[in-house]
Structure formats: structure tokens, C-alpha cells
Amino acid sequence: MGMKVYGPAASTNVARVLVCLEEVDAEYELVHVDMPSGEHKNPEHLVRNPFGQVPAFQDGELILTESRAIAKYVLRKGGSQLLRECNLSESAVVNVWLEVEAAHFNSAMSPIIFQCFVVPMVMGGTPDMKIVEENLNKLKKALEVYEARLSKFKYLVGDFFSLADLSHFPTAYYLLGGPHASVIDAYPHVKAWIADIMARPSVKKVTELMKMPSV
Amino acid sequence: MAPVKVFGSAMSTNVVRVLVCLEEVGAEYEVVNIDFQAKEHKSPEHVARNPFGQIPAFQDGDLFLFESRAIAKYVARKHKSADADLLREGNLNEAAMVDVWTEVEAHQYNPAISPIVYECLVNPAMKGLPTNQKVVDESLDKLKKVLEVYEARLSKTKYLAGDFVSFADLNHFPYTYYFMATPHALVFDSYPHVKVWWESLMSRPSVKKLSANMPTSWP
């Protein structure tokens, strides 16, 4: 049995795993989980992800959760250089910016994505603009740090692309596709860096999956 | 070889996250205090080490790092030995399980337990703010759901990633230690395997040594 990813491709956390599978050209199957109907809380899914979230991942008897953990497993198994684990200092800096992605970029973007996409399109509600504004302010503070960093280096870790850069793709995709895309205009190095990530073949392939309904 | 430097207060949870790994691997280190009350974490000197103006920051020779989990992983990797293999990178599946439960601590456990620590200890003692009981109650509900998952896991394996202690277990020490000083410590009594796991972490020499510098009662 090959590798399986459980979840909708449109989910940022599922997309994070898919893009790593694409980077290493792995054979895998994407098994859709229908969240609007609560499939992620069904007993069958809870066996794979006890927190009732997506993604879940299976490789033979190994079952994994948490997209950044799955991403690392996939990249290591596929012999990728995106983690730089052959080099102590470089791999440390990859981990620094992976943590920054989770703690500073994703933490601000996630509520914005929820309010601007999920609330109107899935729940038929109105975005809470107070939440959006608060998180846009957080995002801008983070983008100042990113701008300073990317003015010195082509990528976050240095002059080479790594999982730290790639991990930003799913939330960057929604930032570009949402009502606040112009936020990055004030950060030209960030804007160019995002464009570079979005141009990768693996990223293009996954964005096509993200656009498809019920995938 | 010069001892590595950890910038921040030795009482701070995220600093302790790094210190417990340094202790486990037996590395020499120096804690350089950063004075929060005097806003030293926002000084240009510190921001040069941690551009988000947070603690900890870390220096090993020419290498500067920030984000406690990244620093701690570097320490674990650099000093890996037969006695201290916290990341299990020699085994693809074991390393994956360490990563899973490290992420679970960051994204499931910590968001549930840390607001309780802040509302019950940090806000009253350090900011003179009253405890927001609504936040505490909501967080306790979240925490219980998380502990149910942990109980199921620890009924199958001795530690989170398997039958070996790992980086994933150690990451739980700082915030859980302070949680035990809040009025809600007895929550853990409903999860017997979790309680046994916690007590075994608390009995580790590294944890005992650092606990001695972490207050249990707050003025």
C-alpha cells in the first residue's frame, strides 16, 4: 500500500503535506474528507487523527498527524535536501524559520483565512472585521521581520530554498486569493519571494488540486 | 569550546524548554538574563538576536538562533549520544513519532494549558491583573479533551513517541510545571496514565535541577 493523505486539498495543512509529496515525486493517494458534513469527527477518521483534524497520513502501518511532522517524514523518506539535515547549522536555521512560520505567519493568517473564506463561503456568515484587523496588524509586524531577512538572503534560511520557505505556500496562496493581497505590496522582497514559491512546479500542481471542488 | 549562551530568564517557560535539553545532553551553557520589566527584550541589542523581540535567543560561536523548539532541537542533534538520543533520527518512523508529538504539544496541548498558567499565575503576580475565569474555564474544557487523547496514547506506550523518552515528552515540562502550581492541578488525577507519565518526567535529574529554580508559589 502506498502513502495516503486524508483531508481536503483546499485545507492549508493538507496542502502543506501534498506539496512535499510532489517535491519528492512520491506516489500517493489523496482521500477526501468532507468537513462541512463533519466527516473529520467520525470514528473512522478519529482513529487516524484523534484530535478530529486534517490531515491524517498513512504509510503502511505508520499513521501520522500534524502537517509539519508529516512533511518532514515525507521529505526524509524521499531523500530531499529541503531540510538540510546533513548540516547542523543549516538544519537549525531551517527549524528556526519553520517555527516562525507556525508562530508568527500562520498564527496571524489562520484567523484571517477563517473569517474571509470559511465564514462566508462554508458557514454563510459575515466576517468579523475586528478579528481580521487585529490579525492583519500582527501579520504586518511579522512581514517587517521577513522583509528585513529577505533583503539579505534570497530565501529565509540563506541562498537555498528549504522547507521553511515551502511551508508558507498554503497560507500565502489564500493571502494572494483573498481581499487583503495588497498587504504585501509594502514589502517588495516578501512579494518577490512569495512569487518565487508560487512558481515552483510542485506548488502549481497542488494549487490546481486546491481549486477543485470536493478534492 | 566555549559554553553556549541562552538569553532570557531562567524561570521563563520557553527558556526552560531549551535548558532542559541542555541538561539532558550534558552540555555546558550560560544563561544571560534579559530583564523583561526593563523591556530589555525590545532593546536593539536583543532584537539583533531575536527579531521578534522575544526570549529565548541563543548563541553557539557564530551561530545565532531563536524560537525555543528550534534551539532545543539543535542542542539535541549536536550532542546526540548513546545516552541522549532525544530525536531518534537514526530511525525514520521513530523520528516521525517524535515530530508528531512535538507538534501536538505546540498546537494542541500548549494552547489549552498556557492560558491557564497566564490567567492564574502570570497575570496576577506579574501584571497585577485579575484572573479571567471565563478564559480559564474554556481552557480547562479544551485541556480535558486533549488529556483524553494523551491518556489513550499513554495507555499504549510508556512515553509519547514510543517506549523511549524523547524531545516530545520534555517539551511538556515547563508549562505543565507551572500548571501544577495553579488551583487546577488535580485535573490530571482523572487521567492516571498521564499522571504516571508526568511524575516520571518530574523525577528526571534534568527536570529536578531546573525545577529548583522555578517558583511554585507566587507573591
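Leaving aside its neighbours within four places in sequence, which residues is B:L147 in contact with? This model is a predicted one, and the close-ups below start with that residue.

**View 1. B:L147 and the residues around it.** Here we're looking at helix α5 of chain B, which covers residues 133-154 and holds B:L147. Once the neighbours within four places in sequence are set aside, B:L147 touches B:Y109, B:V187, B:F188, B:Y191 and B:V194. Its relative accessibility is 0%, so B:L147 counts as buried. B:V100 sits 47 residues away from B:L147 in sequence, and their C-alpha atoms are 16 Å apart in space.

**View 2. Helix α3 of chain B, largely enclosed.** This helix takes in residues 68-78 of chain B, and ten of its eleven residues are buried, so the rest of the structure largely encloses it. Among the buried ones you'll find B:S68, B:R69, B:I71, B:K73, B:Y74 and B:R77.

**View 3. B:S211 in helix α9 of chain B.** Helix α9 spans residues 205-211, and B:S211 is part of it. Is B:S211 buried or exposed? It's buried: its relative accessible area is 11%, and the cut-off for buried is under 20%. Apart from neighbours within four places in sequence, B:S211 is in contact with B:F173, B:Y177 and B:M202. Take B:F173: it lies 38 residues from B:S211 along the chain, with 9.5 Å between the two C-alpha atoms.

**View 4. A four-stranded open sheet in chain A.** Read across the sheet and the strand order is β2-β1-β3-β4, with mixed pairing. The edges are β2 (28-31) and β4 (62-65), each of which pairs on one side only. On average, neighbouring strands in this sheet are turned by 20° against each other, ignoring direction. Strands of a sheet pair through backbone hydrogen bonds, and they can do that parallel or antiparallel. For β3 (residues 56-59) and β4 of chain A, the pairing is antiparallel, over four bridges. Zoom in on A:Q58 and you'll find its bridge partner in β4(A), A:I63.

**View 5. Helix α1 lying across the strands of chain A.** Helix α1 of chain A, residues 12-23, lies across β1 (3-6) and β2 of that chain. The helix runs at about 155° to β1(A).

**View 6. A nonpolar surface patch on chain A.** Four residues make this patch of about 440 Å²: A:F114, A:M121, A:V122 and A:M123. A:F114 belongs to helix α4 of chain A, residues 88-121. With a relative accessible area of 37%, A:F114 is partly exposed.

Technical notes: Residues are numbered from 1 along each chain as its sequence is written. Chains are lettered from A and ligands numbered from 1 in the order in which they are written. This is a predicted model: local features need pLDDT of at least 70, side-chain atom pairs count only at pLDDT 80 or more; totals for chains, interfaces and linings use all residues. Side-chain values use heavy atoms; hydrogens and water are left out. Patches are made of residues with over 30% relative accessible area and no salt bridge: like charges are joined within 9 Å, nonpolar side chains (Val, Leu, Ile, Met, Phe, Trp, Tyr) within 5 Å. Accessible areas come from the Shrake-Rupley method with a 1.4 Å probe; for residues, only the protein chains shown count as cover. A salt bridge is a side-chain nitrogen of Lys or Arg within 4 Å of a carboxyl oxygen of Asp or Glu. Helices (H or I, at least four residues) and strands (E, at least two) are DSSP runs, numbered from the N terminus. Buried means under 20% relative accessible area, exposed over 50%, partly exposed in between (1.4 Å probe, protein chains only). Two strands pair if DSSP finds at least two bridges between them. Axes are lines fitted to C-alpha atoms, for helices over the stretch in contact, and angles run from 0 to 180 degrees between N-to-C directions. Contact means heavy atoms within 4.5 Å.
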